[in-house]
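Hi,

Here is the structure I promised to pass on.

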Amino acid sequence: MKSVPKVLIADDEQTICRLLHLEFEVSGYAVKTVLNGQAALNELSRTRYDAVILDVNMPQATGLQVLSTIRRSYPETIVVM
């Protein structure tokens, strides 16, 4: 059985999170959204994601800080900023 790709969306704007969540979900992805960089880091430590959609400017940890952690700890994860 083929596994469903997992996407993490990290953006501090709820409207953007909702729109992206809906778009990915109807396309067959398992989607999780978070509203700040620290929440993204916490989620990444718990669950393996195939792709992460990152806002650059977020509270608690910027998208660039999250990207640095992803590149170091999860190099196989695709990142779109």
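**What I found**

Helices here are DSSP runs of H or I with at least four residues, strands are E runs of at least two, and both are numbered from the N terminus. Helix 1 itself covers residues 14-26, and its 13 residues reach 18 Å from the first C-alpha to the last, close to the expected 18 Å (1.5 Å times one less than the number of residues).

A word on the source: this is a predicted model, where local features need pLDDT of at least 70 and side-chain atom pairs count only at pLDDT 80 or more, while totals for chains, interfaces and linings use all residues. Residues are numbered from 1 along each chain as its sequence is written, and side-chain values use heavy atoms, with hydrogens and water left out.

Now the whole chain. The order from the N terminus is β-α-β-α-β-α-β, which gives three helices and four strands. The radius of gyration is 12 Å, close to the 12 Å from the globule rule for 81 residues, so the chain is as compact as a globular protein of that length (taken over C-alpha atoms; the rule is 2.2 Å times the number of residues to the power 0.38). Its C-alpha atoms fill a box of roughly 35 × 30 × 20 Å along the principal axes.

Of the 81 residues, 36% are buried, meaning under 20% relative accessible area with a 1.4 Å probe, protein chains only.

Cheers

Methods
Buried means under 20% relative accessible area, exposed over 50%, partly exposed in between (1.4 Å probe, protein chains only).
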